[in-house]
Amino acid sequence: MTTYSLRRRLVLVMTGVMMTIFIVVGVFLYAGVRDAAWQQHDDGLRARARAFSALVEHSDDGYEIEHPPELRDSFVEVVLPDGHVDVWRRGGKPHFAALVARPVSIQPPQLIDVTLPDGRPGRAVVIRFVPRDEIGGAEPAALILAEDIEDVARSLRWLATLFIVVGIAALAAITTLVWWIVGRTLRPLDKLAQSLDTIDEKRLATRIALDEQPLELHAPIRRLNELLDRLETSFARERQFTADVSHELRTPLAGLRTLLEVTALSERTTADYRAALADAHRIVLQLGTLVENLLVLARLDAGHVAIHSTDVDLHELVDECWQPNAEIAASRALSFRNLASTTLSLDREKLRIVLANLLANAAEYTDRGGWIEVASTDSAITITDSGPPLPDEHKIFDRLWRGDAARSGIGVHCGIGLSLARSLCTAMSLSLTAENCGDGSVRFTCMRTRTPSARGTL
Amino acid sequence: MRALVVEDYEVLRESLAKGLRDQGYAVDATGEGQEGLWYAENHPYDVVILDLMLPGLGGLELLRELRAAGNTTPVLVLTARDAIEDRVTGLDLGADDYMVKPFAFDELLARLRALVRRRYAHVDAILRIADLEIDTRARRVRRAGDVVALSAREYALLEYLAHRSGHIVSRTELWDHAYDEAAEPNSNVLDVHISHLRRKIDDGRERKLIHTKRGQGYVLGEEP
């Protein structure tokens with residue numbers, strides 16, 4: 001069993017998707033803001049460099065710088081046309097060799113990342129300009145302005161931290177929300193499980209109502225209800241079958257027990273004892289047939305049936321199968337004709353059970369004074385009786401079906417016999433059908449469904 | 001006591017009838033529901049033994065019709081179905097007792113005795129009238145401690161008179177409860193049986209217990 005959870009999966013997928021979106025959006029947003037910040041910073045740097053350059057003047061005394069500006073964290077280096085390098089910084093004019101390689105080979109205006117003389121990271125702009133000229137003939141000079149970038153970097157770091165923290169918080173909030181929403185959305189499934197919990201084999205009549213269920217669950221619930229329908233039907237059938245089998249077993253057992261107990265209650269004549277023994281013997285034979293039928297039926301249901309075909313003398317087999325019914329038939333004034341004369345290649349034992357059940361059925365249900373006739377050809381065996389007609393020619397093969405529900409047949413006619421006969425015929429590739437012949441008589445026909453090439457087929 | 005057996009399985013029906021007759025019951029037996037109903041409606045049975053699965057009219061329908069017609073004869077239902085619902089349905093329809101096949105014949109007899117006792121408002125299996133003692137279980141009769149040997153028919157007559165002791169029992173009533181449908185109605189037979197019974201119970205006794213009410217019937221009990 002997998003521990004696949006719809007809820008966990010939905011939450012994971014949603015969180016994953018949101019995380020990806022956050023990261024992509026965050027990265028782009030951050031990059032945009034960073035570029036804008038640097039752009040602004042660089043523009044300022046350039047503007048300040050221009051302002052500084054305005055302070056350089058060309059006069060008779062050569063190039064000079066008026067009013068050295070107030071410098072805080074900036075470093076300014078001016079490369080004068082005469083090759084003189086002037087460096088300004090707060091509190092003095094130290095060497096500023098690190099700023100740019102000399103001679104100035106860079107093509108200004110250019111922005112470069114530098115390390116400030118005090119070791120901090122900084123950014124420098126190089127511009128070329130012509131110093132203010134009062135006497136004419138001024139040559140272009142270069143100015144390098146380097147500034148500390150700590151402020152910008154700190155702002156950007158803060159922004160990045162903010163993005164990450166807000167992103168994580170939003171992600172956590174969204175995950176929680178999705179978890180909760182999915183939980184709520186899936187609640188009908190819990191309810192469904194609860195309703196299903198209440199269904200066991202005693203309450204199979206319960207059905208899941210569709211009204212309160214979301215549309216997506218309608219199809220599975222409908223299937224589930226159909227499954228319950230089928231289960232209920234088969235359980236009912238099984239129960240009915242068990243009840244019927246128990247009825248069919250209990251009735252002859254009750255007869256046998258009462259017969260023996262009553263006979264033993266007092267001294268009887270020899271004739272009485274003989275009659276009682278004959279009755280008991282008959283019941284035991286019937287019980288034997290019933291048990292045999294039930295066992296064959298159980299084996300058929302389980303699919304353990306092997307067919308062993310031999311040549312069967314049909315006339316002899318029909319006589320053998322009729323034998324147990326002869327007494328009842330005589331008591332009901334039924335006449336019996338065995339016209340079967342073919343020899344067929346079939347499973348003798350299974351055919352015996354089929355014929356025994358069909359003949360017992362005929363002997364039981366044919367009207368008093370009627371007739372029963374068995375005939376055969378190379379392709380079919382027919383058992384015809386004088387009626388009455390069957391109430392339903394198709395239903396009679398249903399297991400447990402009896403023409404008269406209250407009829408307490410014994411053993412072979414408990415609604416198992418005909419169903420068993422048909423199942424056995426199917427196992428032997430025969431078809432078994434029943435028909436009312438119009439004149440009131442009833443004919444059971446047993447016929448091959450596939451005709452094998454072998455000789456002596458049915 | 002007169003019993004009706006409605007059971008379609010012939011061996012069981014015949015055995016029941018035979019066993020009950022051995023026990024002194026007058027028994028009518030049939031395998032058909034409709035016929036069973038006719039019997040039950042037209043004869044004053046002391047108890048009916050009814051199978052539920054019957055051809056034609058089913059046992060439950062028979063019971064329903066019987067009770068609907070106001071008949072209160074005790075009915076013991078025999079059935080091969082042992083599901084609780086079946087028992088409940090049967091008892092609710094007015095069955096007085098219920099036995100699942102196969103059953104012990106002795107238990108059936110005990111239950112029938114209990115039904116008869118209840119019908120005649122007795123609680124004890126031994127009926128006592130003055131110094132006469134009738135043990136309905138062993139079907140043994142004693143008068144002042146002496147065992148009185150009775151034939152089955154004589155016992156049946158005495159047991160019915162004892163159940164109705166103190167009341168006048170008409171000849172027809174006596175006939176109805178002690179003889180089955182097959183017996184030819186013959187007042188001579190009844191007279192002969194009664195005179196035998198009287199001789200065995202009362203002869204040589206100072207106090208007579210069986211009294212004839214001319215034109216009305218018989219009374220079992222001390223002279224009022």
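How many helices and strands are there in chain A?

## Chain A overview

Chain A has nine helices and 15 strands. The structure is a predicted model. Of the 458 residues of chain A, 40% count as buried. Among the contacts in chain A with a separation of 6 or more, 64% come from residues 24 or more positions apart.

## Interface of chains A and B

Chain A contributes 30 residues to the contact and chain B contributes 24 residues. Together the two chains bury about 2,200 Å², and 60% of this area lies on carbon and sulfur atoms. The interface contains two salt bridges. In one of these, the side chains of B:Asp22 and A:Arg268 meet at 2.4 Å, N to O.

On the side of chain A that touches chain B, the elements giving two or more residues are helix H4 (215-265) and helix H5 (270-302) of chain A. H4(A) gives the most, with 17 residues. By class, this side of chain A has eleven nonpolar, nine polar and ten charged residues.

B:Arg13 belongs to helix H1 (residues 10-22) of chain B. This residue counts as buried because its relative accessibility is 15%, under the 20% limit. Leaving aside residues up to four places away in sequence, B:Arg13 touches B:Val5, B:Glu7, B:Asp8, B:Ala29, B:Thr30 and B:Gly31.

## Aromatic pairs

Over all chains, the whole structure has four aromatic pairs. One of them, formed by A:Trp322 and A:Phe336, is stacked, at 4.0 Å centre to centre and 5° between the planes. The pair links distant parts of the chain, with A:Trp322 in helix H6 (residues 314-322) of chain A and A:Phe336 in strand E10 (residues 335-338) of chain A, 14 residues apart. A:Trp322 is buried at 9% relative accessibility, whereas A:Phe336 is partly exposed at 22%.

Between B:Tyr120 and B:Tyr160 the ring centres are 5.8 Å apart and the planes stand at 85°, so this pair is edge-to-face. B:Tyr120 lies in the loop between helix H5 (105-119) and strand E6 (126-129) of chain B, and B:Tyr160 lies in helix H6 (residues 152-163) of chain B, 40 residues apart. Both B:Tyr120 and B:Tyr160 are buried.

## Salt bridges within the chains

The structure holds 38 salt bridges over all chains. In chain A, the side chains of A:Arg34 and A:Asp35 meet at 3.7 Å, N to O. A:Arg34 is partly exposed, at 32% relative accessible area, and A:Asp35 is partly exposed at 44%.

In chain B, B:Asp97 and B:Arg111 form a salt bridge whose closest N and O atoms are 2.8 Å apart. This pair links distant parts of the chain, joining strand E5 (residues 97-100), which holds B:Asp97, to helix H5 of chain B, which holds B:Arg111, 14 residues apart. B:Asp97 is buried at 16% relative accessible area, while B:Arg111 is partly exposed at 26%.

A further salt bridge joins the side chains of B:Arg143 and B:Asp202 (3.1 Å, N to O). B:Arg143 sits in strand E8 (residues 140-143) of chain B and B:Asp202 in helix H8 (residues 187-202) of chain B, 59 residues apart. B:Arg143 is buried at 1% relative accessible area, and B:Asp202 is buried at 2%. Salt bridges with shared partners also connect A:Asp42, A:Asp113 and A:Arg123 in one network.

Conventions
Residues are numbered from 1 along each chain as its sequence is written. Chains are lettered from A and ligands numbered from 1 in the order in which they are written. This is a predicted model: local features need pLDDT of at least 70, side-chain atom pairs count only at pLDDT 80 or more; totals for chains, interfaces and linings use all residues. Side-chain values use heavy atoms; hydrogens and water are left out. Contact means heavy atoms within 4.5 Å. Buried area is the accessible area (1.4 Å probe) that two parts lose on being put together, summed over both. A salt bridge is a side-chain nitrogen of Lys or Arg within 4 Å of a carboxyl oxygen of Asp or Glu. Helices (H or I, at least four residues) and strands (E, at least two) are DSSP runs, numbered from the N terminus. Ala, Val, Leu, Ile, Met, Phe, Trp, Tyr, Cys and Pro count as nonpolar, Asp, Glu, Lys and Arg as charged, and the others, Gly among them, as polar. Buried means under 20% relative accessible area, exposed over 50%, partly exposed in between (1.4 Å probe, protein chains only). Rings of Phe, Tyr and Trp (its six-membered ring) pair if their centres lie within 6.5 Å; planes under 30 degrees apart count as stacked, over 60 as edge-to-face and the rest as tilted.
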